[in-house]
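Reader: I would like to go through the terms used for this structure and see what each one rests on. Please set the values against the cut-offs.

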Amino acid sequence: MLKPRRAKYTILLFIGLTCVVAALSLLSLSVGGVSVPLKEVFASLAGRNREASNLIIMQFRLPRIAAAILIGAALAVAGALLQGVIRNPLASPDLLGVTGGASVAVVAFMTFVTGYSIHWVPFIAIGGALVATTINYVFAWKKGVSPFRLVLIGIGISTAMGALTTFLLISGPAYLAAQVLNWMTGSIYGTNWSYIEVLWPWVAIFIPLSLLLAKELNVQSLGEDVARGLGSRLQLSRMILLFYSVALAGAAVGVAGTISFIGLMAPHIARMLVGNSYKLIIPVSAFIGAIILLLADLAGRMLFQPLDVPAGVFTAGIGAPFFMYLLFKRKKI
Amino acid sequence: MNGSFLSKRKLAGLVVGSILLLICMLCSVLYGLHQFGLKDLWLAYSQFNGSNEHLILTRVRVPRTLIAALVGASLAVAGAIMQVLTRNPLASPSVFGVNAGAVLFIVIGLLAFGSSLTMSGMVWLAFAGAVATSVVVYMLGLQGGGFEPVKLTLAGACMAAFASSITSGIILINKQSLESALFWMIGSVEGRNLEHLLMVLPYMAIGMTISLLLAGSLNIMAIGDDSAKSLGQRLTLVRVLSATAIVLLAGSSVAAAGPIAFIGLIVPHLCRYIVGHDFRWLLPYTALVGAILLVTADLASRFILESKEVPVGVATAIIGVPFLIHVARRKQHA
């Protein structure tokens, strides 16, 4: 059980994080190429806005903000799960071939299929991510998978996937390269409700499921022998946790392309804020991921108007200083 | 098996490796779009006549092969030291922010000086960027008293991400003016000059010398801080020297050939599988294997696609990944 003071801090932290997300969302809804007064924003949300701004709010900005929150949270939780299983601070979903697999699948799809609809891309990407991680898992299987073998082979698989992507790009026509590179920079502009419909079930299902396994993750992070001694069914729960992580990251990558930094750093930021229990790390990471992506998207929209810079460019630019501050302030990690 | 037999075998391995490297380098000089014989190479240096063939050999093939060999060796050794310094088998020189910092400085330099920035200016900028970033990362790693590998690793990963974020931001806003930055952002040994290698060669050599001299101390550091201290190891000194070696090696590599990933990460793993954990053997082996891998990859990159060369990173992956998977599967405790 948490000590009273600790519990109070935790509750305050969650209230604070919720407020930050809410405030950022409102700000994002109201500012942009056309700024909309907050009053009209509230009216739109309540469904009582008769102004022209209603369309901007409900059809352009709201889906985009929903996407930022969902994707940020999904990537952050995917990273937290992976760091727990792999027990390496440098682990992130990219290392398991999630991003690489998604990229190859999308590039191959765009190269070989003509007359495709852009709405297929998220599914293709998720499929690619799952295939790549399955290959990784199979290669790493030798009477069970050891986390280190998994990640070492994962690096190999991601590198091979990256090579394959480059290969397809340079052997294919030039216009394709521009299209694919655009997708790969990780952006959430042009998100509409149909993307959200693809995305939200993954997040709504897998984040709660991950929370249910938080205790298992705590046990695993103590090390293999301790976990086995405590009666953990190591291989099974490891596989389930990895699957959750890939599902979350794959869905996020499918919709937004590659967004770096969040999967790697949001869990570390969460750990610095709430300590080592995954029951807290998972939800706090989700909040931090959502906040970073909201801010990055906002910055991408506002800083270089009228250019709309992909959010993936700014995630590190915004997250890194904050992380450095925490690193600076804290004596221990 | 007794020790002397083992070390004889390891020594023989080094000799075989060196011969293999020489053969690979020779193939890399002779084969490509234009094929040459040994005699052409000899004539190109003894009786240089300014013909196209001789120009290709002396200005293109030989520089490119030398750069590939030296950069491959440097990156691999830097990676091996990085992995023991951060106590993280997933670390590579790029975790120090070396690559990201170099590219960032080049982009800023192009923004400030435009086309008046010469190629050699860019080499120096890249080197300066690599050094500056790693100094910042090392300082951050020391924050809050005491050296913690995790702190260093995270600070480095964070700085690298931060630098690349700023780089892509700058490039996005000034698309046209930064075409030449793109050339630098894709690691390649092609189209680089021997002069640029010679500019950074002294630093590379110093870095390599420090690394080899440190081998014994690295062995002790690898056991763990407390044991190392009780064995009389001056940990801070060893760490600073290791960091210096990494910066010199990886910084001059990125200055000479742009960011080349993967080699610094995987070659140490391959070599630990071959010769074990003793750094006195590991470092020479990593240097050799790194050189062989990059030279071979560069050679292969000319033949994978009929019409054009593929980036050397693609070829490195094609050659390196199967070995990596094999080693990862064979290892008991990685």
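Reader: At what angle do the axes of helix 4 of chain A and helix 5 of chain A cross, and within what distance do they come?

Author: In this predicted model, the axes of helix 4 of chain A and helix 5 (residues 121-140) of chain A cross at roughly 130 degrees and come within 7 Å. Axes are lines fitted to C-alpha atoms, for helices over the stretch in contact, and angles run from 0 to 180 degrees between N-to-C directions. Helices are DSSP runs (H or I, at least four residues), numbered from the N terminus.

Reader: Why are helix 4 of chain A and helix 5 of chain A called oblique?

Author: Angles under 35 degrees count as roughly parallel, over 145 as roughly antiparallel, 65 to 115 as roughly perpendicular and the rest as oblique. The angle here is roughly 130 degrees, and therefore helix 4 of chain A and helix 5 of chain A are oblique to each other. Their crossing is right-handed; a crossing is left-handed if the near helix is turned anticlockwise from the far one by less than a right angle, and right-handed if clockwise.

Reader: Which residues of helix 4 of chain A and helix 5 of chain A meet?

Author: Helix 4 of chain A brings A:Val98, A:Gly101, A:Ala102, A:Ala105, A:Val106, A:Phe109 and A:Met110, and helix 5 of chain A brings A:Val121, A:Ile124, A:Ala125, A:Gly128, A:Ala129, A:Ala132 and A:Thr133. Contact means heavy atoms within 4.5 Å. By class there are 11 nonpolar, 3 polar and no charged residues. Ala, Val, Leu, Ile, Met, Phe, Trp, Tyr, Cys and Pro count as nonpolar, Asp, Glu, Lys and Arg as charged, and the others, Gly among them, as polar.

Reader: What makes helix 3 of chain B and helix 8 of chain B roughly parallel?

Author: Helix 3 (residues 52-85) of chain B and helix 8 of chain B pack at about 30 degrees, with axes 9 Å apart. That angle falls in the class of roughly parallel, so the two helices are given that name. The crossing of helix 3 of chain B and helix 8 of chain B is left-handed. The residues of this contact divide into 18 nonpolar, 2 polar and no charged.

Reader: Why is helix 8 of chain B called oblique to helix 12 of chain B?

Author: Helix 8 (residues 194-223) of chain B and helix 12 (residues 279-301) of chain B pack at about 135 degrees, with axes 8 Å apart. That angle makes helix 8 of chain B oblique to helix 12 of chain B. The contact has 9 nonpolar, 3 polar and 1 charged residues.

Reader: How do you know whether A:Ala266 is buried or exposed?

Author: The cut-offs are under 20% relative accessible area for buried, over 50% for exposed and in between for partly exposed (1.4 Å probe, protein chains only). A:Ala266 has a relative accessible area of 0%, so A:Ala266 is buried. A:Ala266 is found in helix 12 (residues 262-274) of chain A. Leaving aside neighbours within four places in sequence, A:Ala266 is in contact with A:Ala76, A:Phe261, A:Ser285, A:Ile288 and A:Gly289. A:Ala266 and A:Ala73 are 193 residues apart in sequence and 9.2 Å apart in space, C-alpha to C-alpha.

Reader: Is A:Ser25 buried or exposed?

Author: A:Ser25, in helix 1 (residues 4-30) of chain A, has a relative accessible area of 12%, so A:Ser25 is buried. Not counting residues up to four places away in sequence, A:Ser25 touches A:Ile65, A:Ile69 and A:Leu294.

Reader: Why is A:Arg87 called partly exposed?

Author: The relative accessible area of A:Arg87 is 36%, so A:Arg87 is partly exposed. A:Arg87 lies in the loop between helix 3 (53-86) and helix 4 (98-112) of chain A. Phi of A:Arg87 is near 55 degrees, a positive value in a residue other than glycine.

Reader: What makes B:Phe262 count as buried?

Author: B:Phe262 has 9% relative accessibility and therefore counts as buried. B:Phe262 is placed in the loop between helix 10 (235-257) and helix 11 (263-275) of chain B. B:Phe262 has a positive phi of about 80 degrees although it is not a glycine.

Reader: Which elements of chain A and chain B have the lowest mean pLDDT?

Author: pLDDT is the predictor's confidence in each residue, from 0 to 100. Among the elements of chain A, helix 7 (residues 174-184) of chain A has the lowest mean pLDDT (70). Among the elements of chain B, helix 7 (residues 179-185) of chain B has the lowest (67) and helix 12 of chain B the highest (94). Where pLDDT is low, the predicted coordinates should not be read in detail. The model scores ipTM 0.81 and pTM 0.86.

Reader: What conventions apply?

Author: Residues are numbered from 1 along each chain as its sequence is written, and chains are lettered from A and ligands numbered from 1 in the order in which they are written. Local features need pLDDT of at least 70, side-chain atom pairs count only at pLDDT 80 or more, totals for chains, interfaces and linings use all residues, and side-chain values use heavy atoms, with hydrogens and water left out.
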